[in-house]
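Morning, everyone. I'll take you through one model today. Let me put it on the screen.

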Amino acid sequence: MDWQVIFTALPSLAEGMAATLQLCAVAALCSLLWGSIMAIGLMRAPAFWQRLLRFYSALTLALPLLVVIYLLYFVLPEYGVTFSSPQVGVLALTLYYAPYIAQVIRSAIAALPRSQWEASRVLGLSRTEQLRDVVLPQTLPQMLSPLIGLLIGLIKDSALLSIVSVQEFMYAAREGISATYAPLEIYLTVAVCYWVLNSLLDGLARRLEFRMTRYRRIMPH
């Protein structure tokens, strides 16, 4: 193990990790937004749009992410639609993960007892107040762990974007290996960084879930 190689490669790896975090943050926000719209559409849209959304979900979930990346990066330009490498990365991750997020949101809301909706209507709450004061406080703890799990998956899958020249963490690692000829040291550093990052996210999710469900443990049985 040559520690000097690791110290030499750290600045470029840090830049790659920063790029990965920025790209994943944008992709996660876009996925959450599109997934929320999809979830609402799957529950409340007219039948035609529901069938269209279900078809899109089934198609996307059946494809590997790598195929989605290739379609966006190599196929669409043949038809005059061109995106930059970072745009392809964000779009691919958004299209791929939004259906998963939609299913998490839809399932959590569908699991809410019907009596909760009826009681909120009896109290005269508006739709916005129902969502804010009744639905989200009860469904968010159920959604948190699956959503964090999807975020962790999104971060790991972002490594695939290096194949279309997105200058993220794995791209920086490959460049570092080309310069140092030390794959063991570089890839081991990359593995440790991914493990630390995703472990922190998992720990954060557990802590938030514990805080959100505290009321359940203090309620009398």
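Is D202 buried, partly exposed or exposed? D202 is partly exposed, at 33% relative accessible area. On this scale, buried means under 20% relative accessible area, exposed means over 50%, and partly exposed is in between, with a 1.4 Å probe and protein chains only.

Some ground rules. This is a predicted model, so local features need pLDDT of at least 70, side-chain atom pairs count only at pLDDT 80 or more, and totals for chains, interfaces and linings use all residues. Residues are numbered from 1 along each chain as its sequence is written, and side-chain values use heavy atoms, with hydrogens and water left out.

Back to D202. Its side chain meets that of R206 in a salt bridge, 3.0 Å from N to O. The criterion is a side-chain nitrogen of Lys or Arg within 4 Å of a carboxyl oxygen of Asp or Glu. The structure holds one salt bridge. R206 is exposed, with a relative accessible area of 57%. Helices here are DSSP runs of H or I, at least four residues, and strands are runs of E, at least two, numbered from the N terminus.

Now the inside. The largest nonpolar core has 55 residues. Such a core is a set of buried Ala, Val, Leu, Ile, Met, Phe, Trp, Tyr and Cys residues, joined through side-chain atoms within 4.5 Å. Which members touch the most others? They are L13, L65, I69, L93, I186, V190 and Y194. At least two residues each come from α1 (3-44), α2 (47-62), α3, α4 (85-110), α6, α7 (169-180) and α8 (183-212). Helix α4 gives the most, with 13 residues.

Take V190 from that list. Leaving aside neighbours within four places in sequence, V190 is in contact with L13, F169, M170 and A173. Contact means heavy atoms within 4.5 Å.

Next, helix α3, residues 65-75. Its buried residues are L65, V68, I69 and L72. Seen down the axis of α3, they fall within an arc of 100°, so they line one face of the helix. That arc is taken from the directions from the helix axis to the C-beta atoms.

F74 also lies in α3. F74 is partly exposed, at 44% relative accessible area.

Q50 is in helix α2. Q50 counts as buried, at 17%. Not counting residues up to four places away in sequence, Q50 touches G41, L42, M43, R44 and A45.

P86 sits in helix α4. P86 is partly exposed, at 45%. P86 touches L23 and V166, again not counting residues up to four places away in sequence. P86 and A19 are 67 residues apart in sequence and 9.7 Å apart in space, C-alpha to C-alpha.

Last, S126, in the loop between α5 (114-122) and α6 (127-157). S126 is partly exposed, at 34%.
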